[in-house]
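How does one read the relation between chains, the packing of helices and the order of strands in a model? The dialogue below takes these topics in turn.

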2 protein chains.
Amino acid sequence: MQDKILEMGKKAREASHLMAMANSNRKREVLERMASALELEHDSIEAANRRDVEDAERAGLGKAKIDRLMINEKVLSEMIDGLKEVSMLPDPIGEVTRMWTRPNGLRVGKMRIPLGVIGIIYESRPNVTVDAAALCIKAGNAVILRGGSEAFHSNSRLAGILRESLKQAGLPEDAVQFVETTDRQAVLDLLGLEDYVDVMIPRGGEELIRFVAKNARMPVLKHYKGVCHVYVDSDVDLEMARSICLNAKAQRPATCNAMETLLVHETVAESFLPAMAEEFRRIGVELRGCERTRALVSGCEAATDEDWYAEYLDLILAVRIVPDMEEAIRHITKYGSQHTEAIVTANFERAHRFIREVQSSLVLVNASTRFNDGFQLGLGAEIGISTSRLHAFGPMGVEELTTTKFIALGDGQLRG
Amino acid sequence: MQDKILEMGKKAREASHLMAMANSNRKREVLERMASALELEHDSIEAANRRDVEDAERAGLGKAKIDRLMINEKVLSEMIDGLKEVSMLPDPIGEVTRMWTRPNGLRVGKMRIPLGVIGIIYESRPNVTVDAAALCIKAGNAVILRGGSEAFHSNSRLAGILRESLKQAGLPEDAVQFVETTDRQAVLDLLGLEDYVDVMIPRGGEELIRFVAKNARMPVLKHYKGVCHVYVDSDVDLEMARSICLNAKAQRPATCNAMETLLVHETVAESFLPAMAEEFRRIGVELRGCERTRALVSGCEAATDEDWYAEYLDLILAVRIVPDMEEAIRHITKYGSQHTEAIVTANFERAHRFIREVQSSLVLVNASTRFNDGFQLGLGAEIGISTSRLHAFGPMGVEELTTTKFIALGDGQLRG
């Protein structure tokens with residue numbers, strides 16, 4: 001196995017050199033070809049997926065897991081649309097992001113280039129095979145994919161189709177490689193390829209991410225949990241605060257950018273919290289509050305320290321009344337996960353300070369935390385949300401799969 | 001020891017929150033204070049340094065090592081000047097690098113913020129204590145420094161002075177911490193602090209860097225060797241090629257950005273190489289060439305595969321004649337270290353293609369490889385040269401010690 005994985009690494013490195021030089025039209029063409037091929041191969045994809053679903057049913061997997069595995073018409077057309085959208089994004093490669101002139105006349109700039117070889121280790125959803133590969137190709141990289149064992153046949157079929165499209169477009173098929181085994185050892189072997197894989201991106205549950213972070217010899221772009229906060233300031237449009245809190249908590253509570261803790265300034269607590277609590281209760285959100293919250297909201301359970309740290313991913317919300325914004329920021333710094341925080345305020349100075357002082361991957365003023373998403377923020381697509389700060393912090397789009405080199409244009413400059 | 005290092009990590013994290021909010025004037029003030037303090041403490045620094053030098057002499061260290069250890073008037077005034085220069089650099093924190101508007105009116109941008117806590121593990125030169133701390137402070141970070149044991153007393157004294165200046169300026173002294181032990185175990189403990197140190201930067205020989213890369217649980221910004229190339233194209237001003245090659249090889253041969261391999265287009269080999277070789281020989285550069293080079297240059301030894309991979313850091317140069325630029329780029333891709341490569345050419349298309357296709361941290365046209373340096377490229381200062389692509393590639397200045405978060409300004413936007 002180790003030899004085979006090493007071989008994949010070498011092939012990926014070779015392919016990455018060619019991909020780095022591929023021009024924009026060629027990359028666009030291959031993504032369009034891939035979209036067409038998924039349509040044409042509809043039946044073979046469905047057949048491969050049926051095998052996975054039947055295996056899952058035999059193994060007694062729960063309905064939620066099987067749902068995630070399933071490639072129905074809707075999932076397939078989303079993959080196809082995703083490819084088309086990525087194909088239309090501007091090509092980031094070759095962009096000169098800045099250029100300046102030195103006193104000796106040397107013109108120095110930074111030019112965007114691909115990262116090189118990207119490894120992606122992911123769990124059940126087979127659409128990741130297509131979505132991730134598309135972004136990697138657009139940014140001129142090669143990618144090695146290792147999917148979850150439950151979706152093995154689906155992933156393998158999808159990767160095969162992508163490889164065929166690369167070949168037809170005159171690009172190296174090894175720019176997309178899929179680890180054709182469910183052997184766990186293969187993951188460890190892949191994580192040891194520091195000379196051939198420039199960055200590893202795990203996508204899945206916390207356990208998978210910790211495993212990858214612990215064992216990878218190359219850098220890892222990781223996404224831990226989202227303990228997101230909304231702070232309702234003293235100077236506030238209560239109706240705006242109400243709709244933002246409702247959207248942040250309940251529009252899709254199982255996502256990493258849903259609100260988990262609500263912080264309310266003490267001067268508006270009485271006018272805001274009882275009505276808000278009533279509305280939450282109506283839609284089935286359970287509240288856990290600090291002492292002062294419980295004095296205002298009947299039937300609210302007491303929040304423990306664990307609640308302040310909790311990522312519920314469910315219809316549960318921790319609520320705390322704070323004396324001022326400083327205390328809200330201290331709470332966020334102590335208990336938060338640097339994912340997404342919002343302030344609702346009409347006050348310019350506090351909006352400005354909240355934006356400046358809260359160090360999370362997305363900080364919002366007067367908008368729902370649910371916007372922390374590559375599509376919503378306008379990146380065109382997303383390969384995950386990084387909650388660590390190096391290289392990328394927040395949603396990672398095509399640009400985050402690139403880096404910059406320095407360039408210098410001279411007419412004979414020497415160092416004195 | 002482990003407890004003590006853990007304690008340092010926690011204090012650094014606390015300090016980093018305050019540093020992130022420090023305004024530009026405060027950061028400038030503290031750097032100026034540090035410069036003054038180094039002048040005032042001239043005698044105590046000299047005394048501490050004398051202890052290190054005496055220990056080194058007793059231990060029988062070579063002259064070169066002792067020279068590197070020594071803080072004489074010149075070294076001290078360079079540290080002081082460095083602090084003043086960094087203090088005058090623009091503050092990168094808070095800069096909004098881009099901003100755009102979404103169809104729903106949400107204004108989305110990226111704002112520059114500090115990385116957080118930076119660890120620096122370095123070898124003999126005590127100036128790193130001051131230079132590295134200055135850059136980290138300017139970028140709003142906290143830093144944990146671990147210097148080489150030979151410079152222990154010097155480093156400890158310098159760090160003490162920096163901490164005192166922080167305190168006097170009303171900033172947390174723990175923004176600069178120095179590991180006050182020469183115990184090797186402390187390095188391993190430091191490399192395990194992934195929850196408290198956001199990035200580790202090793203500065204020193206290849207052995208140190210590999211040790212850090214292997215054992216660090218947090219991301220590492222590393223600088224491996226520089227196998228730098230100059231390619232002399234067919235369409236070329238021979239006099240410019242001559243002076244660039246001379247400067248790249250011999251201006252300071254022991255540096256990572258010195259030329260190690262010269263590639264020459266076959267059509268100019270005869271007019272260029274014999275005279276160039278003569279000049280190299282005159283200043284003591286030993287040549288090792290391919291067969292075709294040896295046919296043109298008498299007394300030139302045969303280059304082996306090892307020579308093409310070699311970072312000599314000495315007055316030795318490998319020389320190869322190539323049939324075209326494509327072969328030069330293939331050679332660079334195969335044997336190079338992605339550090340610095342230059343083309344000397346009068347041809348626009350080839351200059352353009354070389355810049356685009358060579359994926360090294362600095363690619364130059366018609367200038368010496370010796371310009372790969374933060375000061376020379378105009379970054380104002382430098383904490384090292386990254387040869388890995390994630391986060392930073394090439395010289396790392398203040399900006400490379402920051403990251404960006406997303407910000408979003410709304411007027412009640414909800415996700416539908």
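What follows is a tutorial dialogue on a predicted model.

Q: In which sense do strand 13 of chain A and strand 16 of chain B run, and how many bridges join them?

A: These two strands run parallel, and five bridges join them. As an example, Val365(A) has Leu409(B), in strand 16 of chain B, as its bridge partner.

Q: What is the strand order in the open sheet of 10 strands?

A: The order is 1(A)-2(A)-16(A)-13(B)-12(B)-7(B)-8(B)-11(B)-9(B)-10(B), and the pairing is mixed. At the edges are strand 1 (96–101) of chain A and strand 10 (301–302) of chain B, each of which pairs on one side only. Within chain B, strand 7 (residues 228–232) and strand 12 (residues 340–344) pair in the parallel sense over four bridges. There His229(B) has Glu341(B), in strand 12 of chain B, as its bridge partner.

Q: Which strands does helix 10 of chain B lie across?

A: Helix 10 of chain B lies across strand 16 (402–413) of chain A, and also across strands 7, 8, 11, 12 and 13 of chain B. Its direction is at about 165 degrees to strand 12 of chain B.

Q: How is the packing of two helices described, and at what angle do helix 2 and helix 5 of chain A pack?

A: Two packed helices are described by the angle between their axes and the distance between the axes. Helix 2 (residues 24–40) and helix 5 (residues 73–88) of chain A pack at an angle of about 165 degrees, with their axes 8 Å apart. That makes helix 2 of chain A roughly antiparallel to helix 5 of chain A. The crossing is left-handed. The residues of this contact divide into nine nonpolar, one polar and four charged.

Q: How do helix 6 and helix 7 of chain A cross?

A: The axes of helix 6 (residues 127–138) and helix 7 (residues 152–168) of chain A cross at roughly 30 degrees and come within 8 Å. Helix 6 of chain A is therefore roughly parallel to helix 7 of chain A. Their crossing is right-handed. Thr129(A), Val130(A) and Ala133(A) of helix 6 and Asn155(A), Leu158(A), Ala159(A) and Leu162(A) of helix 7 make the contact. By class, that contact has five nonpolar, two polar and no charged residues.

Q: What is the order of the open sheet of four strands in chain A?

A: The order is 5-4-3-6, with parallel pairing. Strand 5 (176–178) and strand 6 (199–203) of chain A stand at the edges with a single partner strand each, so one side of each is left without a neighbour in the sheet. From one strand to the next, the twist averages 20 degrees. Three bridges join strand 4 (residues 142–146) of chain A to strand 5 of chain A, and Ile144(A) has Gln177(A) as its bridge partner in strand 5.

Q: Which strands of chain A do helix 7 and helix 9 lie across?

A: Helix 7 of chain A lies across strand 4 and strand 5 of chain A, at about 155 degrees to strand 5. Helix 9 (residues 206–215) of chain A lies across strand 3 (117–122) and strand 6 of chain A, at about 165 degrees to strand 6.

How values were computed:
Residues are numbered from 1 along each chain as its sequence is written. Chains are lettered from A and ligands numbered from 1 in the order in which they are written. This is a predicted model: local features need pLDDT of at least 70, side-chain atom pairs count only at pLDDT 80 or more; totals for chains, interfaces and linings use all residues. Axes are lines fitted to C-alpha atoms, for helices over the stretch in contact, and angles run from 0 to 180 degrees between N-to-C directions. Angles under 35 degrees count as roughly parallel, over 145 as roughly antiparallel, 65 to 115 as roughly perpendicular and the rest as oblique. A crossing is left-handed if the near helix is turned anticlockwise from the far one by less than a right angle, and right-handed if clockwise. Ala, Val, Leu, Ile, Met, Phe, Trp, Tyr, Cys and Pro count as nonpolar, Asp, Glu, Lys and Arg as charged, and the others, Gly among them, as polar. Two strands pair if DSSP finds at least two bridges between them. Two residues are in contact if their C-beta atoms, placed from the backbone, lie within 7 Å.
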